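Please look at the sequence and the structure first.

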Amino acid sequence: MSDSALVPDHLLLAIDHVGIAVPDLDDALEFYASTFGLHSVHEEINEEQGVREAMLAVGDSDQRIQLLAPLSDESTIAKFLARNGQGIQQLAYRVADIEAVSAILRERGVRLLYDAPKRGTSDSRVNFVHPKDAGGVLVELVEPAASH
């Protein structure tokens with residue numbers, strides 16, 4: 001019996017956030033606040049990912065909208081904006097153990113973008129499922145930091 005047979009089919013615990021690529025974070029924050037009443041609960045710069053980002057609270061839930069603005073023209077988000085324009089860039093699912101989920105997905109033939117998880121928002125650990133293996137959607141796997 002394989003290890004994956006011991007793991008439930010529901011590897012994903014919840015929708016963690018929806019990532020939206022924006023050209024200017026300040027303009028986007030103003031738009032989301034004035035239009036939808038959504039406000040930032042966390043902002044940071046992630047040099048490794050090449051983004052300035054903000055997490056917006058949706059109601060009283062722990063689900064978030066993540067706004068991602070490029071730090072340079074070479075960042076992945078800048079390339080996304082050039083190719084697709086502003087809009088939904090990724091759908092992120094919360095997981096309990098990113099290594100275990102990654103191993104199971106690889107065993108199921110799914111490609112991940114990184115060999116090992118990288119640092120995400122608020123010291124979370126993240127990896128991404130290749131869009132060609134997820135119906136055209138960039139899926140982010142997020143293991144929140146232990147203190148989260």
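## Order of the elements

Read from the N terminus on, the elements of the chain follow the order β-α-β-β-β-α-β-α-β-β-β, and the chain has 3 helices and 8 strands. The model is a predicted one.

## The chain as a whole

With 148 residues, a compact globule would have a radius of gyration near 15 Å, and the chain, at 16 Å, agrees with this. Along the principal axes, the C-alpha atoms fill a box of roughly 55 × 35 × 25 Å, and 41% of the 148 residues count as buried. Among the contacts in the chain with a separation of 6 or more, 54% come from residues 24 or more positions apart. Carbon and sulfur atoms hold 52% of the accessible surface, which comes to about 8300 Å². The chain carries 12 positive and 24 negative side chains, and the centres of these two sets lie 6 Å apart.

Strand β7, residues 125-129, is mostly covered, with 4 of its 5 residues buried.

| Partner of β7 | Residues | Bridges and direction |
|---|---|---|
| β6 | 118-119 | 2 bridges, antiparallel |
| β8 | 139-143 | 5 bridges, antiparallel |

On the β6 side, Arg119 stands opposite Arg125 in β7, and the hairpin of β6 and β7 has 5 residues between the strands, with Ser122 taking a positive phi near 55°. On the other pairing, Val129 stands opposite Val139 in β8. In a regular strand, side chains alternate between the two faces of the sheet.

Note on methods:
Residues numbered from 1 in each chain as written. Predicted model: local features only at pLDDT ≥ 70, side-chain atom pairs only at ≥ 80, totals over all residues. Heavy atoms only, no water. Rg over C-alpha atoms; globule rule 2.2 N^0.38 Å. Buried < 20%, exposed > 50% of the residue type's maximum accessible area, 1.4 Å probe, protein only. Contact = heavy atoms within 4.5 Å. Areas by Shrake-Rupley, 256 points an atom, 1.4 Å probe, with all protein chains shown as cover. Lys, Arg positive; Asp, Glu negative; His and termini not counted. Charge placed at Lys NZ, Arg CZ, Asp CG, Glu CD. Pairing = 2+ DSSP bridges.
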